[in-house]
Amino acid sequence: MGGSADLKTIVGYAGAALALENWAWQLQHGAEILFPGKKPYNTESDLLKEVKSDVDAGIAKNNGKPPRILIIGALGRCGRGAIDLCVAAGIPESNILKWDLAETSAKDGPYPEIRESDIFINCIYLDKPIPKFVTEDFLKEDPGSRKLTVVCDVSCDTTNPHNPIPFCNQPTYFDKPTITLPGFSPPLSYITIDHLPSLLPREASEAFSNALLPSLLELPNASTAPVWQKARKLFQEKVATLPST
């Protein structure tokens, strides 16, 4: 990931790490034992070491085959973080499908490519209605073609009416990272944690500090610095919407 990573990159990196670990866990334990909770890692290296070990075990259990991973929003910073983790964990580039607007605009969903991948990581910024990426009914239409067992909704739009993954409709947490959907064999689970940077508190803190520091250094010039002028303007606009007493 590197020392220059920002928070959005860390979000994608952490989400992909959990997705890969969950994929490997399912191969070894099935649906009977839930993917265990996670606590923050001291460093990125500690996280990556664990993910690599789990992925190696999963690949061995999967007859030597690494997972196929489809990432939508791959050109954004979250997507880049997800790609970085997958590559660092030893996933061949040829097994990482990198989709963005060009691919999702070329045809309407749901997309068979998601159903045919082992892991789907959603890293889009959702700001308007879009076609559904994947639904439960779509997955059940052709169960023989389904390889998908893990969905990581990094975007985490669980309450958004335009959510392109309708079954990802509840949040998950680090102490219970996944929800397993009923009626699927092999199991299908999803991850919708909305505070993923907390998995790497040191890197997240450094990224936040690096982003905030230039603005803090401009605080003595608050009357002329653009960032503080914009902040004041926004504050005044919001105050104006408050009811009068």
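Helices (H or I, at least four residues) and strands (E, at least two) are taken as DSSP runs and numbered from the N terminus. In the predicted model described here, 6 strands form an open sheet of mixed pairing, in the order β2-β1-β3-β4-β6-β5. Strands β2 (96–99) and β5 (179–180) stand at the edges with a single partner strand each, so one side of each is left without a neighbour in the sheet. Strands β1 and β2 pair in the parallel sense over 4 bridges, and W99 in β2 is the bridge partner of I72.

Helix α1 lies across β1, β3, β4 and β6 and runs at about 165° to β4, whereas α3 lies across β1, β2 and β3 and runs at about 160° to β1. Within β1, I69 and I71 point one way while L70 and I72 point the other way, and all are buried.

In soluble globular proteins, nonpolar side chains tend to be buried together. The largest nonpolar core of the model holds 43 residues, of which L20, I71 and I121 touch the most other members. At least two residues of this core are supplied by each of α1, α2, β1 (69–72), α3 (77–88), β3, β4 (150–153) and α7 (201–217), and α1 gives the most, with 11 residues. When neighbours within four places in sequence are left aside, the contacts of L20 are V51, V55, P67, I69, L85, C86, A89, I91 and I119. A second, separate core comprises 22 residues, among them I72, I114, L126 and V134.

The aromatic side chains form 5 pairs. In one of these, W25 and F35 are arranged edge-to-face, at 6.3 Å centre to centre and with 70° between the planes. This pair links distant parts of the chain, as W25 belongs to helix α1 (residues 7–29) and F35 to the loop between α1 and α2 (44–61), 10 residues apart. With a relative accessibility of 6%, F35 counts as buried. The ring centres of F120 and F133 are 6.3 Å apart and their planes stand at 80°, so this pair is likewise described as edge-to-face. Because F120 lies in strand β3 (residues 119–122) and F133 in the loop between β3 and α6 (136–141), the pair ties together parts that are 13 residues apart in sequence. Both F120 and F133 are buried, and together with W99 and Y111 they form one aromatic cluster.

Most residues other than glycine have a negative phi, and most peptide bonds are trans. The peptide bond from G109 to P110 is cis, with omega near 0°, and P110 is found in the loop between α4 (101–106) and α5 (112–115). A cis peptide bond also runs from S185 to P186, with omega near 5°, P186 being placed in the loop between β5 and β6. Although N63 is not a glycine, its phi is positive, at about 60°; N63 is found in the loop between α2 and β1 and, at 69% relative accessibility, counts as exposed. A positive phi, near 55°, is also present at C156, again a residue other than glycine. C156 is located in the loop between β4 and β5; its relative accessibility is 18%, which is under the 20% limit, and C156 therefore counts as buried.

Methods. Residues numbered from 1 in each chain as written. Heavy atoms only, no water. Phe/Tyr/Trp six-rings, centres within 6.5 Å; stacked < 30°, edge-to-face > 60°. Buried < 20%, exposed > 50% of the residue type's maximum accessible area, 1.4 Å probe, protein only. Core = buried A, V, L, I, M, F, W, Y, C linked by side-chain atoms within 4.5 Å. Contact = heavy atoms within 4.5 Å. Pairing = 2+ DSSP bridges. Axes fitted to C-alpha atoms, helices over the stretch in contact; angles between N-to-C directions.
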